[in-house]
Amino acid sequence: MSAPATQHETADETTVRRLGVQFSDLAKQDHAARFGMWVFLASELLLFAGLFALYVAYRIKYPQEFADGVHHNALALGTTNTFVLIISSFTIAYAIHMLRKDRPRVAFWLLITTIALGALFLVFKGIEYSGHFAHGIFPGQLYAFAEMPTDGARMFFTLYFFMTGLHAIHMIVGLGIVIWLAMRVWKGLANARYHTEVEVGALYWHLVDGIWIFLWPLFYLTG
Amino acid sequence: MHEREADDDPRHVGSGLKYVAALVALLLLTILTFGLHFVHLGVAGPVVALVIAGTKVAIVALIFMELRESLAATRMVAIVTVAFVALLCFGIVGDIAWR
């Protein structure tokens, strides 16, 4: 087990405490961590790819119903959430930059800002979902929207709930990770000398942002 | 292996301007996408929106995710994944369009 970090730890002590037995040095260990995370992100992207492929197939089959469904979604909330997530990607990237600059307090508050923006995204998504539920818009067999009673509309909103819901689950997981990272920065466990876990956690957050960048035009703009 | 060799020394870290520039570019592209939503482009509309989305994701990957400075093996993972996703989506479009 690794010993707890101290604020005045030397570079050699950091290496001894962090280095896994299977690695010859910290640089190789860090490369492996980043590479491993990218492979994980690739698998996540392929999970979403199946849903994107379904969207493409059903959009070609039901072009008018999908266009009508897009017009029915809350454009203002979806667009606001796009700005919220893009800014959150910047704040977490800049937090890493501040850690490298040996300014952990600034990095901590940037991570807190990221958490706040992520929470705001989920609040807006919740408001949007509740608006849909009030109109009888549910996924699958529960769909009961009288204004758009067609199979194509039901498929559009089923995909909408699946894709945005899966994305929201990723947001919640990402929030948990960023909260944990903020705690580590606050305690000095992630610092200017060693912050690989913050880099790897941020990669996950950026993936969640990247997926939303595609979901936004598909479900809010391309009507 | 040259991936951020200077990480250990805060004096060697850049100014951070690239992150601000990336943010500005992302916000401008988002505003552009939103503005184009009100212009009738016909069937080209979704294509244009998705091309802009792809550009935004490339900025996020290259700057925020630091793919530009990553090892070749890491870049290869990203490229192959995007290629597979594109193959899946274009394959479906082709299949349905020429069925």
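Two exercises on a predicted model follow, each with a worked solution.

**Exercise 1. The interface of chain A and chain B**

Describe the contact between chain A and chain B by its residues, its buried area and its polar pairs.

*Solution*

Step 1. Chain A brings 48 residues to the contact and chain B brings 46 residues.

Step 2. About 4200 Å² is buried between the two chains, and carbon and sulfur atoms give 79% of that area. Of the area that chain A buries against chain B, 17% is supplied by His31(A), Trp38(A) and Arg100(A), more than any other three residues.

Step 3. One salt bridge is counted between chain A and chain B. Its partners are Arg100(A) and Glu66(B), with the closest N and O atoms 2.8 Å apart.

Step 4. On the side of chain A that touches chain B, the elements giving two or more residues are H2, helix H4 (75-100) and helix H7 (196-221). H2(A) has the largest share, 17 residues.

**Exercise 2. A nonpolar surface patch**

Which residues make the nonpolar surface patch of about 590 Å², and is Leu46(A) buried, partly exposed or exposed?

*Solution*

Step 1. The patch is made by Leu46(A) together with Met76(B), Ile79(B), Val80(B), Phe84(B) and Leu87(B).

Step 2. Helix H3 (residues 72-97) of chain B gives the largest share of the patch, five residues. Leu46(A) lies in helix H2 (residues 26-61) of chain A.

Step 3. The relative accessible area of Leu46(A) is 40%. Buried means under 20% and exposed means over 50%, so Leu46(A) is partly exposed.

How values were computed
Residues are numbered from 1 along each chain as its sequence is written. Chains are lettered from A and ligands numbered from 1 in the order in which they are written. This is a predicted model: local features need pLDDT of at least 70, side-chain atom pairs count only at pLDDT 80 or more; totals for chains, interfaces and linings use all residues. Side-chain values use heavy atoms; hydrogens and water are left out. Patches are made of residues with over 30% relative accessible area and no salt bridge: like charges are joined within 9 Å, nonpolar side chains (Val, Leu, Ile, Met, Phe, Trp, Tyr) within 5 Å. Accessible areas come from the Shrake-Rupley method with a 1.4 Å probe; for residues, only the protein chains shown count as cover. A salt bridge is a side-chain nitrogen of Lys or Arg within 4 Å of a carboxyl oxygen of Asp or Glu. Helices (H or I, at least four residues) and strands (E, at least two) are DSSP runs, numbered from the N terminus. Buried means under 20% relative accessible area, exposed over 50%, partly exposed in between (1.4 Å probe, protein chains only). Contact means heavy atoms within 4.5 Å. Buried area is the accessible area (1.4 Å probe) that two parts lose on being put together, summed over both. A polar contact is a pair of N or O atoms within 3.5 Å; within protein, one must be able to donate a hydrogen and the other to accept it, and residues adjacent in sequence count only if both atoms are side-chain atoms.
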